[in-house]
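Colleague: I would like to go through this model and ask what stands behind each label. Please set the values against the cut-offs as we go.

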Amino acid sequence: MTTYDAVVVGAGAGGGIVAKELAAAGLHVLLLERGKAVTPADCRKDDLRNQRTSALGAPFGPDENQNPRVIVDGNGNSKVIRVRDGGYNNNAACVGGGTQSYGAMAWRFLPKDFRMKETYGVPEGSTLDDWPITYDDLEPFYQMAEEEVGVSGDMTPDPFHGPRKKPLPMPPLPPTKEHLLIESAARRMGLHPFPIPMLRNSVPYNGRPPCMRCRWCVGFACEVNAKGGTQNTVIPAALKTGNCHLETEAIASEITVDASGRPNGLIYFDGNDRRQQVRAELLVVSGAAIESARLLLNSRSRFFPEGIGNRFDWVGRNLQGHTYSGATGLFDFDTYDDLGPGASVALCDYNHGNPGLAGGALLCNEFIRLPIQAINDFPPGVRGWGREHKKFLRDYYRRTVGLRGPTQEIPVFDARVQVDPHVKDHWGIPVPRMSGGKHPHTLEIATAMARKAELILKEAGATRTWLNIPGQGLSGGQHQAGTCRMGDDPQSSVVNRYCQVHGAENVFVVDGSVHVTNGGFNPVLTIMAIAYWASDYMKREWNGTRFRGA
Amino acid sequence: MKRRTLLQSALSAAVLATSAGCGGARSQYRLFSATEADTLAALLNQIIPDDETPGAVGANVIRFLDRHLARAYVGHRAAYRKGLQALEDSAHAVYQRSFSALRFEEQEALVERMEKGDLPAELWGDLPPREFFRTVRTHSMQGYYGDPRHGGNQDALSWRALGVPHPPVRGRDDYYFPKQGAAAMQPLADRQRP
Ligand SMILES: Cc1cc2nc3c(=O)[nH]c(=O)nc-3n(C[C@H](O)[C@H](O)[C@H](O)COP(=O)(O)OP(=O)(O)OC[C@H]3O[C@@H](n4cnc5c(N)ncnc54)[C@H](O)[C@@H]3O)c2cc1C
Ligand code: SF4
């Protein structure tokens with residue numbers, strides 16, 4: 001049996017960084033990824049086959065036929081679903097994980113986002129809590145992510161962000177037409193618009209060229225590698241050390257334990273569906289919030305009868321994402337300028353300090369909307385088909401601006417991931433079973449954010465506006481988080497401040513799972529910062545052959 | 001462009017030669033019988049009708065559906081069979097005529113009832129009319145507004161009607177720096193219309 005110092009499960013945002021940090025520190029690392037190593041050439045810019053509109057397939061994984069999940073609706077009926085079905089809550093499965101095809105917004109959470117309970121108290125029926133770490137703890141690690149993966153932007157016009165030691169390493173891309181429109185309107189209203197920070201080169205950086213501003217960015221791979229993800233930064237760096245072995249199409253099914261109950265390795269199925277077993281001193285789970293919870297729950301033994309880390313029934317709980325809400329406005333002049341990636345201007349005036357509301361969201365303009373993404377956004381009163389709908393799209397496709405934001409969700413204990421007692425995937429591994437919904441206050445905040453967005457669009461000159469507010473259903477998807485909460489108290493959390501599983505000191509969970517709350521921001525930069533933070537701890541506690549930390 | 005058109009017509013000729021729909025009459029489609037194709041065409045023409053520009057039928061959305069019901073939409077195949085039959089039966093129940101033979105306004109009224117779920121339940125069995133409508137609407141929009149490479153949106157006609165630059169600009173190196181202030185708000189160059 002092969003033995004490594006560390007096995008990292010999942011080559012996404014979190015796992016890619018941990019693998020590189022450990023390999024660079026001299027540990028022998030096995031990086032397992034259930035998806036493939038895709039290149040932009042494998043995934044053409046296809047508006048029906050991408051990670052945002054997956055009508056004909058999700059090219060960045062996972063495989064359509066091998067990975068069912070189960071979703072339970074509000075009436076308790078469960079249904080087996082596939083990757084492209086609504087409710088699957090997919091992110092991605094490939095080398096780079098979500099970072100291969102993401103939109104690349106690079107947000108730091110605000111200091112208050114780590115202190116939600118202290119700031120607002122606990123809304124009834126919620127598990128809202130403070131993080132055991134602060135913005136200041138993460139600040140240096142945010143900077144590492146910004147510099148190593150590469151972020152462009154300019155935070156100076158934003159008065160709300162936490163203290164930062166250095167500016168972003170690259171200037172922002174030149175503004176788009178929508179940017180200028182929203183920026184000037186927001187300024188007139190006394191708000192503080194600024195360019196969205198992006199994991200995207202605006203100038204040559206770290207050996208990769210700048211963005212050529214194409215139409216297909218979010219949901220697609222970048223063929224010039226201007227968009228930075230773990231697949232074109234830290235993972236190649238990890239492999240270059242010679243200490244990291246990347247195995248693709250390898251799905252981990254279970255963490256094993258030795259005779260004394262100490263986790264000592266894992267079982268996975270390789271690209272030929274053969275069952276393999278490896279031993280490792282350190283086990284890092286970075287499969288994203290749904291799959292990481294699944295792996296812990298599937299790791300049952302005499303010592304962990306309910307799964308590793310699940311002694312107090314917290315694994316898989318508090319699944320959350322973001323409640324995207326906002327408004328759409330129609331203009332009587334063209335606002336479309338065909339300049340990718342499209343999303344360009346943001347403001348953080350409404351993330352906190354909204355009277356009567358426990359939080360808020362950043363607001364920003366949308367990525368370029370491909371025609372297929374415009375078909376369901378029309379004003380109330382317009383029928384969604386027929387002559388009127390066709391004419392509406394023709395008249396307004398180039399004159400529509402969407403302003404939206406990821407409302408920070410109020411976590412609920414019953415929004416959760418379990419493993420299904422009956423349904424198994426292609427390899428016979430029990431699949432995630434997802435149930436629950438949103439907290440009612442989340443929808444109140446989302447509605448307030450949509451109204452704010454509408455006011456800005458009106459000030460910008462929109463002749464007609466309407467709100468977009470999602471429903472009550474379970475949230476997760478691309479921004480999935482929360483299922484292995486970080487906390488000091490082992491009875492009400494799954495990992496400690498260093499992402500170390502309570503009661504299984506050599507097992508770490510390093511991805512969005514550990515988020516106590518998910519900020520009013522896209523989560524990836526925080527996931528990356530936490531990956532550097534946890535790696536730093538692992539390296540400090542590594543004595544050359546053994547892991548000391550406890 | 002020419003080459004592609006040629007290839008496409010060769011392909012549809014081949015399909016024509018080999019397939020006969022299960023409805024008896026010879027069909028040019030792999031899955032749809034001639035009757036089903038007629039009903040579907042009339043339904044598509046309601047969802048995305050012809051006006052100044054061709055609608056779903058003219059953009060070859062039937063071919064798109066015929067192709068993808070054998071691939072990515074395969075799970076919906078049975079629903080199409082059932083739903084097209086139920087729509088046809090509903091037309092007979094309400095107007096005593098075939099759906100495709102109804103006047104545009106009559107078809108429209110029936111589709112509106114289908115969207116609301118207000119059609120004789122006994123004709124629809126376990127397939128709710130609303131769900132069938134939603135499915136066909138979504139798929140036909142995908143065929144019409146989606147990439148022409150999938151068999152619909154012939155010659156990118158919907159994109160051109162929307163004013164989406166096509167063929168697209170790739171590898172832009174002439175960065176566009178918009179002017180500040182009012183000048184930036186002028187319309188861009190005229191839309192490309194077919
Ligand atoms: C279209 C799109 C746009 C997005 N835009 C943004 C944005 O603008 N800004 C932002 O902040 N975020 C964005 N995101 C979200 C972002 O990509 C995720 O937040 C981030 O990738 C999550 O990181 P992670 O490490 O938790 O998981 P992932 O990056 O999803 O990585 C997890 C990896 O683990 C693998 N894995 C899981 N289970 C196993 C197993 N058992 N064995 C082996 N491998 C396994 C998966 O295949 C996957 O590759 C976007 C995502 C998508 C898809
Ligand atoms: S918009 Fe820029 S970063 Fe995005 S895919 Fe195109 S070139 Fe790459």
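Modeller: One caution applies throughout: the model is predicted. The count over all chains comes to 49 salt bridges.

Colleague: What makes A:Arg416 and A:Asp313 a salt bridge?

Modeller: The N to O distance between their side chains is 3.7 Å. The rule asks for a side-chain nitrogen of Lys or Arg within 4 Å of a carboxyl oxygen of Asp or Glu, so the pair qualifies.

Colleague: Why is A:Arg416 called buried, and what is A:Asp313 called?

Modeller: A:Arg416 has a relative accessible area of 15%, and buried means under 20%, so the label follows. A:Asp313 has 31%; this lies between 20% and 50%, so A:Asp313 is partly exposed.

Colleague: How do you know that A:Arg433 and A:Asp420 are paired by the salt-bridge rule?

Modeller: Their closest N and O atoms are 2.8 Å apart, and the cut-off is 4 Å, so the pair counts as a salt bridge. A:Arg433 lies in strand E15 (residues 430-435) and A:Asp420 in strand E14, so the pair joins parts 13 residues apart in sequence. A:Asp420 is buried, at a relative accessible area of 5%.

Colleague: What separates A:Asp536 from A:Arg540 in helix H10?

Modeller: About one helical turn, because they are 4 residues apart in helix H10 (residues 524-540) of chain A. A:Asp536 and A:Arg540 form a salt bridge, with the closest N and O atoms 3.3 Å apart. A:Asp536, at 25% relative accessibility, is partly exposed, and A:Arg540, at 45%, is partly exposed too. Elsewhere, salt bridges with shared partners connect A:Arg34, A:Arg69, A:Glu291, A:Arg294 and A:Asp425 into one network.

Colleague: Turning to the two chains, how many residues of chain A and of chain B are in contact?

Modeller: 46 residues of chain A are in contact with 53 residues of chain B. The two chains bury about 4500 Å² between them, and 57% of that is on carbon and sulfur atoms. A:Trp385, A:Lys390 and A:Arg394 supply 19% of the area that chain A buries against chain B, more than any other three residues.

Colleague: What makes A:Arg394 and B:Asp51 a salt bridge?

Modeller: The closest N and O atoms are 3.0 Å apart.

Colleague: Which helices of chain A each supply at least two residues of the side that touches chain B?

Modeller: They are helix H4 (177-188), helix H7 (371-374) and helix H8 (386-396). H8(A) gives the largest share, 7 residues. By class, this side of chain A has 22 nonpolar, 5 polar and 19 charged residues.

Colleague: Is A:Ser101 buried or exposed?

Modeller: A:Ser101 is buried: its relative accessible area is 5%, and the label needs a value under 20%. A:Ser101 sits in the loop between strand E4 (78-81) and helix H2 (116-120) of chain A. Beyond its neighbours within four places in sequence, A:Ser101 is in contact with residues including A:Gln51, A:Phe60, A:Cys217 and A:Lys227.

Colleague: Which residues are around ligand 2?

Modeller: Among them are A:Cys211, A:Cys214, A:Cys217, A:Cys222, A:Trp216 and A:Lys227. The shell around ligand 2 has 8 nonpolar, no polar and 4 charged residues.

Colleague: What makes A:Arg34 a polar contact of ligand 1?

Modeller: A polar side-chain atom of A:Arg34 is 2.9 Å from an oxygen atom of ligand 1. The limit is 3.5 Å, so the pair is a polar contact. A:Arg34 is also one of the residues that come nearest, of the 38 around ligand 1. Backbone atoms take part as well: a backbone N or O atom of A:Gly98 lies 3.0 Å from an oxygen atom of ligand 1, and a polar backbone atom of A:Ala104 is 3.0 Å from an oxygen atom of ligand 1.

Definitions and conventions: Residues numbered from 1 in each chain as written. Chains lettered and ligands numbered in written order. Predicted model: local features only at pLDDT ≥ 70, side-chain atom pairs only at ≥ 80, totals over all residues. Heavy atoms only, no water. Buried < 20%, exposed > 50% of the residue type's maximum accessible area, 1.4 Å probe, protein only. Contact = heavy atoms within 4.5 Å. Buried area = accessible area lost by both parts, 1.4 Å probe. Nonpolar A, V, L, I, M, F, W, Y, C, P; charged D, E, K, R; others polar. Near = heavy atom within 4 Å. Polar contact = N/O pair within 3.5 Å; in protein donor to acceptor, adjacent residues only side chain to side chain.
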